[in-house]
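Here's a quick briefing to read alongside the model. Have the viewer open and follow along.

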Protein chains: 2
Amino acid sequence: MATGATELENSIKNIVCIFFDYAEKEGKANTLSKAEFTKLVKEQLPNLMKDAGPLDEKLKALDVNHDQEIKFSEYWTLIGEMGKGIKRETWGKKK
Amino acid sequence: MATGATELENSIKNIVCIFFDYAEKEGKANTLSKAEFTKLVKEQLPNLMKDAGPLDEKLKALDVNHDQEIKFSEYWTLIGEMGKGIKRETWGKKK
């Protein structure tokens with residue numbers, strides 16, 4: 001990305017980079033295996049996912065193509081859920 | 001959010017906060033008017049949206065409920081498009 005990336009642009013890039021940091025650890029480099037998904041959630045979403053329940057069920061719910069892996073678009077759905085959670089927690093009560 | 005938020009959690013929160021920073025400037029506090037949307041794109045997405053074409057058309061494409069405003073979920077669609085763009089630009093060619 002061009003120099004002078006804004007905070008918003010860097011935030012979006014961080015989210016993408018973190019997916020690939022974990023996806024490239026084992027197996028296919030563009031999907032999260034169950035182990036990679038579990039590691040990412042535990043290390044990167046300890047607060048936002050603390051009440052998320054069993055990760056097996058979360059993975060199943062996200063894994064819309066049922067390949068037991070989390071591809072980028074399925075990861076992005078999870079990120080969207082986290083964003084909506086922050087919105088409800090912070091702005092939801094005001095409006 | 002609890003102290004000790006991770007980089008991923010902070011990145012997601014930044015994206016949510018920036019939406020409300022602009023949405024609260026005028027009119028309804030939980031949607032982006034055309035002026036707020038234009039200001040957000042020009043100030044916060046100067047690199048990622050530099051080739052996006054006329055913003056009127058972009059707003060229309062995002063505005064799925066046709067109220068001439070951009071609500072949070074429509075904003076999140078835009079963010080997803082940016083994320084996919086970064087993915088294609090950076091990882092797309094490798095796989």
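A:Asp56 is partly exposed, at 42% relative accessibility (that label covers 20% to 50% relative accessible area, with buried under 20% and exposed over 50%; 1.4 Å probe, protein chains only). Its salt-bridge partner is A:Lys34, at 3.3 Å from N to O (the rule asks for a side-chain nitrogen of Lys or Arg within 4 Å of a carboxyl oxygen of Asp or Glu). Keep in mind that this is a predicted model, where local features need pLDDT of at least 70, side-chain atom pairs count only at pLDDT 80 or more, and totals for chains, interfaces and linings use all residues. Residues are numbered from 1 along each chain as written, chains are lettered from A in the order written, and side-chain values use heavy atoms, without hydrogens or water.

**Salt bridges**
- Over all chains, the count is six salt bridges.
- A:Asp56 sits in helix α3 (residues 55-62) and A:Lys34 in helix α2 (residues 34-44) of chain A, so this pair ties together parts 22 residues apart in sequence.
- A:Lys34 is partly exposed too, with a relative accessible area of 45%.
- A:Lys39 and A:Glu43 also pair up, at 2.7 Å from N to O; both belong to helix α2 of chain A, four residues apart, or about one turn of the helix.
- In chain B, B:Asp56 bridges to B:Lys34, with the closest N and O atoms 3.3 Å apart.

**Chain A overall**
- Chain A has four helices and two strands, running α-β-α-α-β-α from the N terminus (DSSP runs: H or I of at least four residues for helices, E of at least two for strands).
- Its C-alpha atoms fill a box of roughly 40 × 40 × 25 Å along the principal axes.
- Of the 95 residues in chain A, 43% are buried.

**The A/B interface**
- 42 residues of chain B are in contact with 42 residues of chain A (heavy atoms within 4.5 Å).
- The two chains bury about 3,500 Å² between them, 73% of it on carbon and sulfur atoms (accessible area, 1.4 Å probe, lost on being put together and summed over both parts).
- B:Leu8, B:Asn47 and B:Trp91 supply 17% of the area that chain B buries against chain A, more than any other three residues.
- Between chain B and chain A there are zero salt bridges.
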